Every structure is written in C-alpha cells, then in structure tokens.
Amino acid sequence: QVQLVESGGGLVQPGGSLRLSCAASRSSLSIIYMGWYRQAPGKQRELVASIARGDSTYYDDSVKGRFTISRDNAKNTVYLQMNSLKPEDTAVYYCNAAIADVTGVTRYYWGQGTQVTVSS
C-alpha cells in the first residue's frame with residue numbers, strides 16, 4: 001500500500017506564497033501522474049495542477065501564471081509552488097497520484113489533505 005504524505009499548508013496573507021509537498025511512502029514506484037486538487041467549503045473538489053510522465057503539466061485557468069507544479073523523481077515527491085495567493089485560493093489541498101503496480105495495474109491514491117488559508 002502506498003501513502004501520500006502532504007505538508008506545507010498554512011495561513012498566508014494575500015499576495016504571499018506557500019509551497020506544498022507530497023511524498024509517496026515507498027520508493028521504486030512507477031508513478032504515472034501526480035496532481036493537486038483543492039476543495040473549498042461548499043464546493044466540489046477541483047483539479048488545480050498535474051504533472052505526468054515526460055513532465056507534461058496541466059494548470060487550471062484560475063492558477064495559471066501563479067502556481068507551478070514540479071516533481072523530484074528520486075524522492076517520489078511532487079511540489080506545488082503557490083505565488084500571488086488570493087483569498088479564493090483558500091481550500092483544503094489534496095495530493096493525488098496514479099501509480100502502476102508490478103502487475104501493471106494502475107491504482108489511484110489520495111493524501112490526507114492540507115489546509116491553505118489566504119486571509120489578511
């Protein structure tokens with residue numbers, strides 16, 4: 001079983017920055033893609049950014065130019081650098097990963113979530 005361990009959330013003022021990290025608990029994983037979702041109170045969970053094999057990336061329009069997703073394959077870790085944060089970025093952020101096991105079956109995993117609050 002793989003666990004995704006998130007860190008880096010917190011309280012920041014508008015215009016500030018945070019960096020989220022998500023580390024997979026095991027090494028030598030065949031990671032197909034990793035991404036960050038967020039869920040604000042009363043809203044559906046939405047995809048914010050993702051990074052796949054070959055380092056192709058996706059960003060939601062609301063975060064383009066402000067957020068950057070990257071990964072360290074050696075550490076099985078994905079990062080989300082969030083700059084120019086706005087109050088509307090306030091949400092619980094979840095890490096998500098698609099990982100293939102030794103038989104080639106792809107399984108999907110979620111982190112426990114980390115709170116990001118943007119407020120003055």
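Buried means under 20% relative accessible area, exposed over 50%, and partly exposed in between, with a 1.4 Å probe and protein chains only. Keep that in mind for the side chains.

This is a predicted model, so to speak: local features need pLDDT of at least 70, side-chain atom pairs count only at pLDDT 80 or more, and totals for chains, interfaces and linings use all residues. Numbering starts from 1 along each chain as its sequence is written, and side-chain values use heavy atoms, with hydrogens and water left out.

The sheet, then. Strands here are DSSP runs of E, at least two residues, numbered from the N terminus. Two of them pair if DSSP finds at least two bridges between them. Four strands make an open, antiparallel sheet, ordered 1-3-8-7. Strand 1 (4–7) and strand 7 (67–72) are the edges; each has a single partner strand, so one side of each lacks a neighbour in the sheet. Strand 1 pairs with strand 3 (residues 18–24) over four bridges, antiparallel. Leu4 has Ala24 of strand 3 as its bridge partner.

Now salt bridges: a side-chain nitrogen of Lys or Arg within 4 Å of a carboxyl oxygen of Asp or Glu. The structure holds six.

Take Arg71, in strand 7. Its salt bridge partner is Asp55, at 3.5 Å, N to O. Asp55 sits in the loop between strand 5 (46–52) and strand 6 (57–59), 16 residues from Arg71. Is Asp55 buried or partly exposed? Partly exposed, at 47% relative accessibility. Arg71 also makes polar contacts (N or O pairs within 3.5 Å; within protein, one atom must be able to donate a hydrogen and the other to accept it, and residues adjacent in sequence count only if both atoms are side-chain atoms). Its side chain reaches the backbone oxygen of Ala52 at 3.3 Å. It also meets the side chain of Asn73 at 3.0 Å.

Next, Arg66 and Asp89. Their closest N and O atoms are 2.7 Å apart. Arg38 and Glu46 meet at 2.8 Å, N to O. Arg38 is buried at 6%; Glu46 is partly exposed at 35%.

Last, backbone. Most residues other than glycine have a negative phi. Asn76 has phi near 50°, and is buried at 7%.
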